[in-house]
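Please look through the sequence and the model before reading on.

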Amino acid sequence: MNEKQYQTISELLNNLNSRENHNQHEAWIAKHASLTGDPKKSHLTHNDLDILDVLVHGEKTVSEVVKAIQITQGGTSRRINHLEKLGFLERFHQPTNKKTVYLKLTSDGKKLGQAHIALHKHLHDDTVYALSDFSDQELTVVTRFLTELADVRKNFGDRY
């Protein structure tokens, strides 16, 4: 690979994870969730949205949410506090169990969680359509290429 190819690939990969894409996704979600008012409500982290995704299917304990989103207990607690302050979820106890904390989405939280799921469905469908002209062999090469690149980046610290 020459330097120009490296730069092109690097640029394309950076564009896939750009802040601009994230901002477009935030705007799409806010629009489709019909959220108005507090501008902070449209600026949520991926972890915030992951928590909403877990809860959109029904109430869960805090431990179940921690396990589902795979971040630390402390990180999850901070995100839950943030989402509660914004009015997207609420905590409660079952009448028969005052010890375990349960979480459930508010109506705005449900709208937001459903909009986030819809965004991912649209992104999935658009990606499948965009790649439909590629053969299985071409996609196998791309997959191998991206896997190798991800491994290099993941294992960078081990080599230096």
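In which helix is Thr76 found? Thr76 belongs to helix α5. Helices here are DSSP runs of H or I with at least four residues, strands are runs of E with at least two, and both are numbered from the N terminus. The model is a predicted one, in which local features need pLDDT of at least 70, side-chain atom pairs count only at pLDDT 80 or more, and totals for chains, interfaces and linings use all residues. Residues are numbered from 1 along each chain as its sequence is written, and side-chain values use heavy atoms, with hydrogens and water left out.

With a relative accessible area of 0%, Thr76 is buried. Accessibility is judged with a 1.4 Å probe on protein chains only: buried means under 20% relative accessible area, exposed over 50%, and partly exposed in between. Leaving aside residues up to four places away in sequence, Thr76 touches Ile51, Val65, Val66, Ile69 and Ile71, where contact means heavy atoms within 4.5 Å.

Thr76 also takes part in the meeting of two helices: Val62, Val65, Val66 and Ile69 in α4 meet Gln73, Thr76 and Ile80 in α5. Two packed helices are described by the angle between their axes and the distance between the axes. The axes of α4 and α5 come within 10 Å and cross at roughly 110°. These axes are lines fitted to C-alpha atoms over the stretch in contact, with angles from 0 to 180 degrees between N-to-C directions. The two helices, α4 and α5, are therefore roughly perpendicular to each other; that term covers 65 to 115 degrees, while under 35 counts as roughly parallel, over 145 as roughly antiparallel and the rest as oblique.

**The nonpolar core**

The largest nonpolar core has 23 residues, and those with the most contacts inside it are Leu44, Ile51, Leu52, Leu89 and Leu112. Such a core is a set of buried Ala, Val, Leu, Ile, Met, Phe, Trp, Tyr and Cys residues joined through side-chain atoms within 4.5 Å. At least two residues of this core come from each of α3 (46-55), α4 (62-69), α5 (73-85), β3 (97-105) and α6 (107-130). The largest share, five residues, is supplied by α3. Beyond four places in sequence, Ile51 touches Val65, Ile69, Thr76, Arg79, Ile80, Leu83 and Leu89.

**The sheet**

Three strands form an open sheet in the order β1-β3-β2, with antiparallel pairing. Strands β1 (60-61) and β2 (89-94) stand at the edges, each with a single partner strand, so one side of each has no neighbour in the sheet. Two strands pair if DSSP finds at least two bridges between them. β1 and β3 are joined by two bridges, and five bridges join β2 to β3. β2 and β3 form a hairpin with two residues between them. Tyr102 in β3 stands opposite Thr61 and also opposite Phe92.

Gln70 has a positive phi of about 60° although it is not a glycine. Asp133 lies 53 residues from Ile80 in sequence and 42 Å from Ile80 in space, C-alpha to C-alpha.
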